[in-house]
There are 2 protein chains.
Amino acid sequence: MSMDRPLIVTMGDPCGIGPEIIARAAAAGALDDALVCGSAPVMRRALAAVGQRRPVAQVDEPQDAGTVPTGTLAVWQPRGLAPALEALPWGRVSAAAGGAAAHCIEAAARAVMAGRGRALVTAPVHKEALAAAGVAFPGHTEMLQAVAGGVPVRMMLANDELRVVLVTIHVSLRRAIDMLDEPGILQTLQITHSALQRFGIERPRIAVAGLNPHAGEGGLFGDEEARLIAPAIDRARAEGIDARGPFAPDTVFMRARHASGHPGEFDAVVAMTHDHGLIPVKYLGVEQGVNVTLGLPFVRTSPDHGTAFDIAGRGVADPSSLLAAARMARQLAGG
Amino acid sequence: MSMDRPLIVTMGDPCGIGPEIIARAAAAGALDDALVCGSAPVMRRALAAVGQRRPVAQVDEPQDAGTVPTGTLAVWQPRGLAPALEALPWGRVSAAAGGAAAHCIEAAARAVMAGRGRALVTAPVHKEALAAAGVAFPGHTEMLQAVAGGVPVRMMLANDELRVVLVTIHVSLRRAIDMLDEPGILQTLQITHSALQRFGIERPRIAVAGLNPHAGEGGLFGDEEARLIAPAIDRARAEGIDARGPFAPDTVFMRARHASGHPGEFDAVVAMTHDHGLIPVKYLGVEQGVNVTLGLPFVRTSPDHGTAFDIAGRGVADPSSLLAAARMARQLAGG
């Protein structure tokens, strides 16, 4: 096993399904190039929850991952991680769990930034647990952005058929409309273009979805297309970015969809709102979706689901989205 | 052929793809129970455009459809239809074409209302042509609503996997949010419930999509769910309607999707905005979608595409959505 620069996988909230989906994926041999950043006893509990006997080896530094034999789960327990996390009840919001999850994310991100890991894959955290622990960030994206020095980032959701990048995310729809501006849309196009190029697409074809029905129907159903979106596209094109649109939101995702016998017209779609973008990505099943943070100086992916407290610890959680996230991280990091 | 109560199919704008998709469907034997409401010469031109020699028989009243032999296209030319429509150029906006299309829609709707037809299937019209003809309605829905005495209606889009009913349609997204109110949402639920019952679903399971990301995330991302949507659902449930939600828009359509090995959880999803509803219905291909007007005292379906002036008259237009619309009309009208 080459663990020279492992994939670093954070355990997520120890009381959620993160540890057990990692355990199932590892037991299936799908994480042999990965180092888990988390608590070794939490990972032992997770392996037991999914009925697996795989041994766990704890390392103190990511560069020690190579000393762990194949068939053993390598867990890097970063300095300062709280003890006794394995005693926390499954499926409950806990400040200790939130704090530990955040601690691992930060350590793992710094390690990947420093070149000690190939890419970062994060298991789900719980917003309320982070807040209970006094973590200053509402979620992964903001935390990683801070570690990376505040670079502008965007959320991309991707599956085998479709890549979607969002201009606005976790705000009310009304506020999302208020927040739309030409610089924000242009920046999304720039980030999308650079990221797709880094991911190996030489000249990414980027479709831009409108905001309004029929992309405004020539101004009859709203003016954001003419006032904000089209000018941002024009500026992006002037910079050599192959951005096109704005297109009617209800058909652009279908046009971009890559399926057998249906080659998509675009490499990614930029959507103005959270749900315009996520409805089509999730339509064929959440288990296939991967969340990718664009704009960071390293590759970061995550499964497209939460901590699922309602089923945590029962050994029934589906690792498909985590596996897809790991596959995409390898692919984006260049194999 | 039983033409006792035929399916009545309006020709749509004579300069668009309506006549030729009808011609192709008829030539394939898929409209043997249908009477076209339109111009016989226009239908002859359309048959020629698609390379079919099927004879056309003109009747003056819908009840004469039974006199037309099988293998012959029955065309009911309503009194007062403008002459020489077959001389209009393909693919151009024309007042004469718009006026003729509207004339046929009104005649066909009145015939179906009077029980002379089993259901109404409408081929596409062109908004600008209707306006050029001085037609007081922007499209089919408003015209049919007027013929039916102003009853409240809603647009449903359906394919084999998903049925979606829209609370708001052709307005800007900002205005759609402003227009949302509890009575309008409740009325949508009532119309959806009654229509699905009429269509043979005894106790329709209706999911209601929220407006905001994560259905408002407990008020953090908007209050329309708590202020308008949840109260409307409560009132609907008090009336015995099995309405549930509001659910996160990005996952409710996936949950409602009926596919092989994936039985949907709901019979229909009510969406607050045009694109929340239409993105998932169209994602797998426009050619499968059917538009159904709910609330009318008769069944009306239409293909989910426009007049496609860019390809009209070339004989290449795909009749799939029209065929799906005819199949759904038969099914909804009880076989």
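A search of the whole structure finds two aromatic pairs over all chains. Rings of Phe, Tyr and Trp (its six-membered ring) pair if their centres lie within 6.5 Å. Planes under 30 degrees apart count as stacked, those over 60 as edge-to-face, and the rest as tilted. The structure is a predicted model: local features need pLDDT of at least 70, side-chain atom pairs count only at pLDDT 80 or more, and totals for chains, interfaces and linings use all residues. Residues are numbered from 1 along each chain as its sequence is written, chains are lettered from A and ligands numbered from 1 in the order in which they are written, and side-chain values use heavy atoms, with hydrogens and water left out.

**The aromatic pairs**

A pair of aromatic rings is described by the distance of the centres and the angle of the planes. Here are the values for each pair.

| Pair | Distance of centres | Angle of planes | Class |
|---|---|---|---|
| Phe247(A) and Phe266(A) | 5.4 Å | 40 degrees | tilted |
| Phe247(B) and Phe266(B) | 5.4 Å | 35 degrees | tilted |

Where do Phe247(B) and Phe266(B) lie? Phe247(B) is in strand β9 (residues 243–247) of chain B, and Phe266(B) is in the loop between α9 and β10 (268–271) of chain B. The pair therefore ties together parts that are 19 residues apart in sequence. Helices (H or I, at least four residues) and strands (E, at least two) are DSSP runs, numbered from the N terminus.

In chain A, Phe247(A) has 18% and is buried. Phe266(A) has 1% and counts as buried. Buried means under 20% relative accessible area, exposed means over 50%, and partly exposed lies in between (1.4 Å probe, protein chains only).

Strand β9 has another feature. The peptide bond from Gly245(A) to Pro246(A) is cis, with omega near 0 degrees. Pro246(A) is found in strand β9 of chain A. In chain B, the bond from Gly245(B) to Pro246(B) is cis, with omega near -5 degrees. Pro246(B) lies in strand β9 of chain B.

**Salt bridges**

How many salt bridges does the search find over all chains? The count is 34. A salt bridge is a side-chain nitrogen of Lys or Arg within 4 Å of a carboxyl oxygen of Asp or Glu.

Asp33(A) and Arg330(A) form one of them, at 2.7 Å from N to O. Asp33(A) sits in the loop between α1 (18–27) and β2 (34–37) of chain A, while Arg330(A) is in helix α11 (residues 320–332) of chain A, so the pair ties together parts that are 297 residues apart in sequence. Asp33(A) is buried at 15% relative accessibility. Arg330(A) is buried too, at 19%. Asp33(A), Arg118(A) and Arg330(A) are linked in a network of salt bridges.

Asp267(A) and Arg205(A) meet in a salt bridge at 3.2 Å, N to O. Asp267(A) lies in the loop between α9 and β10 of chain A, and Arg205(A) in the loop between α7 (182–198) and β8 (206–209) of chain A, so parts 62 residues apart in sequence are tied together. Asp267(A) is buried, at 12% relative accessible area. Arg205(A) is partly exposed, at 26%.

Chain B has a salt bridge between Arg237(B) and Asp242(B), at 3.6 Å from N to O. Arg237(B) counts as partly exposed, at 42%. Asp242(B) is buried, at 9%.

**The interface of chain B and chain A**

In the contact count, 36 residues of chain B touch 36 residues of chain A. Contact means heavy atoms within 4.5 Å. The size of an interface is often given as the accessible area lost when the parts come together. The area buried between chain B and chain A is about 3,500 Å², and carbon and sulfur atoms give 63% of that. Buried area is the accessible area (1.4 Å probe) that two parts lose on being put together, summed over both.

Across this interface the rule finds eight salt bridges. One links Lys127(A) with Glu217(B), with the closest N and O atoms 3.5 Å apart. Helices α6 (173–179), α9 (249–256) and α10 (274–283) of chain B each supply at least two residues of the side that touches chain A. Helix α10(B) gives the most, with eight residues.
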